Amino acid sequence: MSKDKKLQEKKRKKIPRLTFILSLVFPGLAHFKEGRAKPGFLLSSFSALQIIILVVGLINGRMAWFGGVLDQVIASWASVFFVLGFWLLSYISIKRSFLKQESGGYWTRAARGFMRHKKGLVGAFIVFLVIWSALFAPLVAPYKPLKMDLMHTITSPGGGGHPLGTDNYGRDILSRIIFGSRVALGVGGGATLLNMIFGGLLGLLGGYYKGFIDSVIMRFLEVLNSIPYIIFALLVLSVFGAGVLQIIIVLGIYGLQAARIIRSEVLSVREEDYIMACEALGAGDFRKIFKHIFPNSMASLLVVMTMRIGINIIVVAGLSFLGFGVKPPTPSWGAMLQSAQSYMTVAWWMAVFPGLAIVLTVFGFNLLGDSLRDVLDPKMSASGR
Amino acid sequence: MTSYIIRRMAQIVLVLFIVSILVFSLLQLAPGDPATVLAGPGTSIDEIEAIREDLGLNKPIHMQYLTFVKKLFNGTLKSYAYKQSVISIIAERFPATLELGLFAIILATIISIPAGIISAIWQDTTADYTVTTVALLGISTPVFWTALMLMLLLSIQLDALPVSGRGATLWGFSIFTLDGLRHIVIPMIALSSVQMAMNTRLTRSSMLEVLREDYVTTARSKGLKETAVIMGHAFRNAMLPVMTNVGMMVGTMVAGAVLTETTTAWPGLGRLMVSSIHRRDFAVIFALTLLISFGYVMSYLIVDILYAYADPRITYE
């Protein structure tokens with residue numbers, strides 16, 4: 001298509017005035033008018049959620065704009081910028097829908113496929129909810145996570161203004177769960193990131209160079225695989241001490257399954273004609289790996305990563321439960337369950353709710369991962385649909 | 001085949017050797033002096049020195065490693081905390097974990113396979129959605145929380161089962177006594193839950209894959225009853241990867257056992273591992289890690305060998 005034709009196309013598809021106004025009134029409204037109910041619903045519900053967070057924060061006087069605790073400042077500014085961001089996003093999305101060409105690249109098509117995937121949207125919603133509560137914890141949590149309400153220790157849900165009850169120190173369970181999402185996501189996510197970097201790199205190297213390097217890498221993975229993760233983690237943590245950083249590193253080193261997947265991907269991609277073609281054009285190893293082979297492995301890497309976060313969150317909780325995790329006063333779901341065990345007979349809520357938080361979070365990531373696999377990688381798909 | 005097994009055994013020996021060095025070096029880095037820990041409070045320096053001599057802790061590191069391994073294999077390696085041979089401590093607790101793991105695997109298998117098959121045959125029905133959702137919830141739930149919830153519901157609220165421990169045993173097994181049977185229910189369900197869910201998902205996808213094969217279409221088109229097609233043609237082929245997974249469970253059960261046993265106070269190897277790490281009982285940690293790794297890699301090998309027997313298409317050169 002020539003440039004002139006493209007311009008004509010743009011001109012013909014002018015945004016109707018009403019749609020334009022609606023897109024400025026509230027995010028998502030314009031999408032409803034254009035008959036795109038799903039993105040409209042997503043945009044408007046997330047904007048509403050974001051505005052509620054902002055308003056709740058303002059009413060309770062939790063905002064800190066310039067001075068104060070760093071996470072509070074970040075949350076305050078983020079809540080404002082995100083509201084603006086949703087407005088902008090909805091406007092851009094409407095504008096782009098009028099310029100949109102048929103079909104598009106791999107990722108555009110994948111995104112469109114994902115929007116049709118009900119399971120995936122539910123998963124994405126749960127994951128967003130958890131990320132949101134981690135980011136805006138100081139604004140939405142009813143109490144400070146370490147604040148002890150000594151008048152109401154071990155209060156059942158609803159009592160003394162504590163929606164999910166309190167623990168043995170009178171700390172609000174709901175607030176601790178909301179703040180606990182930071183540990184889960186931070187440690188689980190951090191470890192997963194390391195998994196992907198180490199695993200991805202090892203897989204790329206092994207698959208690309210084959211031969212000696214490959215067999216050394218595979219033996220290394222075999223050794224790691226022959227020690228159950230929890231025992232490996234317990235051993236290392238007992239030596240180097242438990243702590244956030246240590247857990248991230250230990251889990252980051254252990255969960256290198258990504259390496260195998262990337263390796264097999266690389267092994268198949270490197271035999272493709274276009275790799276030979278770019279070799280003939282004089283491309284070096286670095287260029288071949290990062291410009292051509294790596295982008296082709298991105299899809300499977302993304303799927304593995306999403307599933308891995310769920311596993312890592314469970315492992316982190318397990319380690320904290322055994323007393324090798326995050327240090328006690330810091331709110332973390334695993335440690336909350338550990339202390340709950342001593343109060344099982346008197347305070348069921350201490351054991352139930354943090355566990356539900358873990359299950360919901362991991363369930364969200366698994367749903368998302370399953371759907372991403374269906375959408376991105378039909379080969380790997382469980383049902384082949 | 002024989003040469004394949006020999007090569008794999010050699011690999012296993014190599015892997016275990018590296019694991020042993022890895023664990024030994026980790027333990028060397030750990031703070032605290034084993035001799036002082038072993039001696040306990042109020043021992044004279046001379047006595048500590050004697051213990052150090054006995055354990056070979058005053059020798060260079062590679063000699064220490066060799067002494068450690070030698071003592072482990074001739075059965076004289078002593079636990080730092082219990083003052084008895086590591087082998088006997090492990091042997092004492094091994095049956096508990098064996099029993100728990102075995103019944104957890106059996107439970108996981110007999111529930112997951114029918115569930116997965118039903119889900120695959122009636123794909124996209126309510127039954128399928130229920131099974132897949134429950135299975136996904138299953139793999140999202142930490143085993144220790146499952147155990148806690150079962151304890152809360154069955155033991156504390158309903159008062160139907162004992163909260164924790166192993167109860168009475170007969171010939172080393174809990175299930176032969178009523179008391180033991182009541183004790184094993186909660187840890188068994190908790191330990192099997194994740195594997196049950198994973199195996200259900202695997203059975204479903206494997207079954208779906210087989211049902212799309214040409215020979216299934218052939219079987220249908222020659223007029224076979226649907227039950228005959230599914231049980232006679234699809235099922236047996238779909239079971240290959242599933243059986244592999246059941247074999248792999250042996251390894252993953254050990255990891256799950258660490259958490260389940262700690263939660264339900266089941267006196268097995270997993271709990272021993274955690275308590276040994278808390279006590280810095282290096283000898284027990286070393287021996288246990290090697291034993292568990294051995295079980296892990298052996299289960300992989302056995303699965304691979306059985307696979308070749310079950311599926312004539314697979315040969316190892």
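The expected span of a helix is taken as 1.5 Å times one less than its number of residues, where helices (H or I, at least four residues) and strands (E, at least two) are DSSP runs numbered from the N terminus. In the predicted model described here, local features need pLDDT of at least 70 and side-chain atom pairs count only at pLDDT 80 or more, whereas totals for chains, interfaces and linings use all residues. Residues are numbered from 1 along each chain as its sequence is written, and chains are lettered from A, with ligands numbered from 1, in the order in which they are written.

Chain A has 17 helices and 0 strands, and its C-alpha atoms fill a box of roughly 75 × 65 × 45 Å along the principal axes. Of the 385 residues in chain A, 43% are buried, a residue being buried if 20 or more other C-beta atoms, placed from the backbone, lie within 10 Å of its own, exposed if 12 or fewer do, and partly exposed in between. Two residues are in contact if their C-beta atoms, placed from the backbone, lie within 7 Å; among the contacts in chain A with a separation of 6 or more, 68% are between residues 24 or more positions apart.

Within chain A, helix 4 (residues 37–59) comprises 23 residues and reaches 32 Å from its first C-alpha to its last, which is close to the 33 Å expected at 1.5 Å a residue. The buried residues of helix 4 of chain A include A:Gly40, A:Leu43, A:Ser47, A:Gln50, A:Ile53 and A:Gly57, and the buried residues of this helix pack against helix 3 (29–33), helix 5 (70–99) and helix 8 (137–140) of chain A. Helix 4 of chain A is followed by A:Gly61, which has a positive phi near 60 degrees.

Chain B has 12 helices and 0 strands, and its C-alpha trace spans about 85 × 55 × 35 Å along the principal axes. Of the 317 residues of chain B, 38% count as buried, and 66% of the contacts in chain B between residues at least 6 apart in sequence join residues at least 24 apart. Helix 1 of chain B, with 28 residues, reaches 41 Å from its first C-alpha to its last, close to the 40 Å expected at 1.5 Å a residue. Its buried residues are B:Val15, B:Val19 and B:Val23, and what covers them includes helix 10 (211–225) and helix 11 (229–240) of chain A together with helix 12 of chain B.

Also in chain B, helix 5 (residues 86–121) and helix 6 pack at an angle of about 135 degrees with their axes 8 Å apart, the axes being lines fitted to C-alpha atoms over the stretch in contact and the angles running from 0 to 180 degrees between N-to-C directions. That angle makes helix 5 of chain B oblique to helix 6 of chain B, given that angles under 35 degrees count as roughly parallel, over 145 as roughly antiparallel, 65 to 115 as roughly perpendicular and the rest as oblique. At this crossing B:Ala115, B:Ile118 and B:Ser119 in helix 5 of chain B meet B:Ala127, B:Asp128, B:Val131 and B:Thr132 in helix 6 of chain B.

Between the chains, 38 residues of chain B are in contact with 35 residues of chain A. The largest share of the side of chain B that touches chain A, 7 residues, comes from helix 7 of chain B.
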